[in-house]
Amino acid sequence: MNREDCLRLDAADPLAPLRAEFTVPDGLYLDGNSLGVLPRRTPAKIADLVERQWGEGLIASWNTEGWFERSQSLGDRVAPLIGAGPGEVVVCDSTSVNLFKTLAAALRLRPGRRVIVVERDTFPTDLYIAEGVAGLFPGVRMRELADGIDEDVAVVLLSHTDYRTGAVHDMKAVTQEAHRHGALALWDLCHSAGALPVDLTGAEADFAVGCTYKYLNAGPGAPAFLYAAARHHEAADQPLTGWFGHSRPFDFVPGYAPAQGITRFLAGTPALVAMAAVDAGLEIFESVDLAEVRAKSLAMTDLFIELTAGLPGVELVTPVPHERRGSQVSLRHPDAHAIVQALIARGVVGDFRAPDVMRFGFTPLYLRHVDVFDAAEALSEVIRDGAHRDPRFSARGKVT
Ligand SMILES: *Cc1c(COP(=O)(O)O)cnc(C)c1O
C-alpha cells in the first residue's frame, strides 16, 4: 500500500462525505477514542438550547421542548447503535455513576452471591466503582475473570473493547457463560459505541453503560448512557433513588416509589445543555450504516498495523483477528511517552497509556486512509531519527 493507493481508497469511500460534518483539526487527530471531534452542527444546537429554549422558554420548556423526557428520547436514539430495544436505554449522569447504579442493581438481583468478576487491566474507574459498590454489600469481593465464573458470581463486569489494548470480548460467549452459572453480565461500551456494531439483545446482555464523548462526539463530559434489559426493569432496584427515577416526581410525596421501565435508573435533573451536544452527535449517526463504519475501521487499523510492522522496539498490542479488534491500534515501546509527545509536536495526536503503550484511535467518520498512511510515516520517522530523545518530550502533563 502506498500513499496513492490510500488516496484511491478515500475517493471510493462511502463514508467520505461525513468528514464535512466535523470540525477536523489541522494535523492528524488519532485520539477520537478519547475525545471525539466537534460536529459542525453542535454549536447551533447548544445555542438553540441556551438562547431560545432556556432564554425565552424558561420553565415552560420542560414541557414544550421535551426536556422532561430527554434522557429517554436520547436513549432511544442510542439504542440502535448498541442493539438495544426502545425503552431500554437512558442518557444520564456519567459512565462512572451509571456503573455504580447498574452494578448495585445487579448485586441486588442476585442476593446471596458475593463475587463481582472484573479484569485487573480494565479502565480503572470501573474497578474503583466496583470497589466502592462492593464495600456497601457485606462480604462482596472482586475476582479476576481468569479465575473463572461459578455459582458465587453475582455479576460479570467487563469492558467490551479494552481501552488500552483495543481487544474485544466475545460478548455473547461471555454473557452465556455468566448466565450458565446464574450470574448477570454488565458491559462497559465506552470504546465500542459508535465504533463497531454492538448487539446487546442478541448477546442477551443484562446491563450496559457507555460514554458519548468518545466515538459519539458529544463533547467533554457529555452525559453517558445506561442500558438495562427490559426483562429486569420490574425487579431492578438501583440505590441512587432520586426524584427523576420516581413514579410521580411532581406529586412531591415523601417515600420513594420507582417509575416503571428504564426511567427508574434516573437519579436527578438531567444536564440539558450538555445533552444538546449528545443530540447533535447522534443525529450524524442516524444516516450512518455501522457495517460501513466497521469495514472502514478494520481497513484503517489493518493498514496502520501493516505500515508499522517491524519498526524497531515496537510491539503490536492490539489483536490481529478482526473479530477481536476494536477501532484502535496500540503499540508498545519502552519510550512510548516521549514518542507520543514527539508525534504531537508534529501535529500527529495519539495518546499514551501507562506504562508503555501508544494508542492510536481510528474514527471512520472523519479520518481518511491517507491520514493513516501519513500517521504511520510520522511514527516511522520519529523512531528512525530518534526525535523522541529530545529532553523536551519527557515532561508529563496531568492528562496524557
Ligand atoms: C472513558 C471510559 C470511562 C469514563 O468514565 P467517566 O465516568 O466518563 O469518566 C469509563 N470506562 C471506560 C472503559 C472508559 O473507556
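**Aromatic contacts in a predicted model**

Trainee: Which residues do ring pairs link into a cluster here?

Mentor: Trp62, Trp67, Phe68, Trp243, Phe244, Phe250 and Phe252 are joined that way. Keep in mind that this is a predicted model.

Trainee: Okay, and how many aromatic pairs does the structure hold?

Mentor: There are 13 aromatic pairs in the structure. One of them is tryptophan 62 with tryptophan 67, an edge-to-face pair with 5.4 Å centre to centre and 90° between the planes.

Trainee: Is tryptophan 67 buried or exposed?

Mentor: Tryptophan 67 is buried, since its relative accessible area is 6%.

Trainee: And why does tryptophan 62 count as partly exposed?

Mentor: Because its relative accessibility is 22%, and buried would need under 20%.

Trainee: Switching over to phenylalanine 304 and phenylalanine 360: what kind of aromatic pair do they form?

Mentor: A tilted one, with the ring centres 5.1 Å apart and 50° between the planes.

Trainee: Where do those two lie?

Mentor: Phenylalanine 304 is in helix 11 (residues 290–308) and phenylalanine 360 is in strand 15 (residues 357–361), so their pairing ties together parts 56 residues apart in sequence.

Trainee: What about accessibility for phenylalanine 304?

Mentor: Phenylalanine 304 comes out at 0% relative accessibility, so it counts as buried. Phenylalanine 360 is buried too, with a relative accessible area of 1%.

Trainee: New topic, lysine 214. Which ring does its charged end sit over?

Mentor: That's the ring of phenylalanine 123, and the charged end of lysine 214 is 5.2 Å from the ring's centre.

Definitions and conventions
Residues are numbered from 1 along each chain as its sequence is written. This is a predicted model: local features need pLDDT of at least 70, side-chain atom pairs count only at pLDDT 80 or more; totals for chains, interfaces and linings use all residues. Side-chain values use heavy atoms; hydrogens and water are left out. Rings of Phe, Tyr and Trp (its six-membered ring) pair if their centres lie within 6.5 Å; planes under 30 degrees apart count as stacked, over 60 as edge-to-face and the rest as tilted. Buried means under 20% relative accessible area, exposed over 50%, partly exposed in between (1.4 Å probe, protein chains only). Helices (H or I, at least four residues) and strands (E, at least two) are DSSP runs, numbered from the N terminus. A charge sits over a ring if NZ of Lys or CZ of Arg is within 6 Å of the ring centre and within 35 degrees of the ring normal.
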